[in-house]
Amino acid sequence: MPTSFAQIRLPLLAAVLASTLAGCASTPPPTGELSAAQQAVMRADDADADQYAPQDLNAARSALSAAQGALSQRKDEDARRLALRATAEADLAFARSKEAITNAELNQRRAEVSELRRRLQGGGQ
């Protein structure tokens, strides 16, 4: 007599549940993500994000702090999510800071070029 789905449903459900629980239990804490977030915040700090992108840098620091708190409470998924958010915020702060610095340098060079042109035009007359 062939086995019906009704007869294997409960053992199948138990096997799926057991494998799901085993997968959750074996997930390592997000220490790598936290380390990456800390490095990203330090990179943004080094790029003068305090001056050029303070809101983004503060958001990154806040998310990093929350991630560290979640990790200490063994809320690994929350810690992982917050660490990834901190990294993204810090990367955004870094990019905005670099953009502001580059734009300031560009404006300085344009002013120098304008001054040189003015001098060349005045000297030739």
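**A helix and its partners**

Guide: Glu33 is partly exposed, at 24% relative accessible area. Here buried means under 20%, exposed over 50%, and partly exposed in between, with a 1.4 Å probe and protein chains only. This is a predicted model, where local features need pLDDT of at least 70, side-chain atom pairs count only at pLDDT 80 or more, and totals for chains, interfaces and linings use all residues. Residues are numbered from 1 along each chain as its sequence is written, and side-chain values use heavy atoms, leaving out hydrogens and water.

Glu33 makes a salt bridge with Arg80, 3.2 Å from N to O. The criterion is a side-chain nitrogen of Lys or Arg within 4 Å of a carboxyl oxygen of Asp or Glu. Glu33 sits in helix α2 and Arg80 in helix α5, so the bridge ties together parts 47 residues apart in sequence. Helices are DSSP runs (H or I, at least four residues), numbered from the N terminus. Arg80 is buried, at 16% relative accessible area.

Now α2 itself. The helix has 16 residues and spans 23 Å from its first C-alpha to its last, close to the expected 22 Å. That expectation is 1.5 Å times one less than the number of residues. Its buried residues are Leu34, Ala37, Ala40, Val41 and Ala44. They fall within an arc of 120° seen down the axis of α2, so they line one face of the helix. The arc is taken from the directions from the helix axis to the C-beta atoms. After α2 comes Asp48, with a positive phi near 65°.

Val41 touches Leu57, Ala60, Arg61, Leu64 and Ala90, leaving aside residues up to four places away in sequence. Contact means heavy atoms within 4.5 Å. Val41 is also among the residues with the most contacts inside the largest nonpolar core, which has 19 residues. Such a core is a set of buried Ala, Val, Leu, Ile, Met, Phe, Trp, Tyr and Cys residues joined through side-chain atoms within 4.5 Å. The elements giving it two or more residues are α2 (31–46), α4 (54–72) and α5 (76–123).

Back to charges. The whole structure holds 11 salt bridges. One of them joins Asp56 and Arg96, with the closest N and O atoms 2.8 Å apart. Asp56 lies in α4 and Arg96 in α5, 40 residues apart. Asp56 is buried, at 11% relative accessibility, whereas Arg96 is partly exposed, at 40%.
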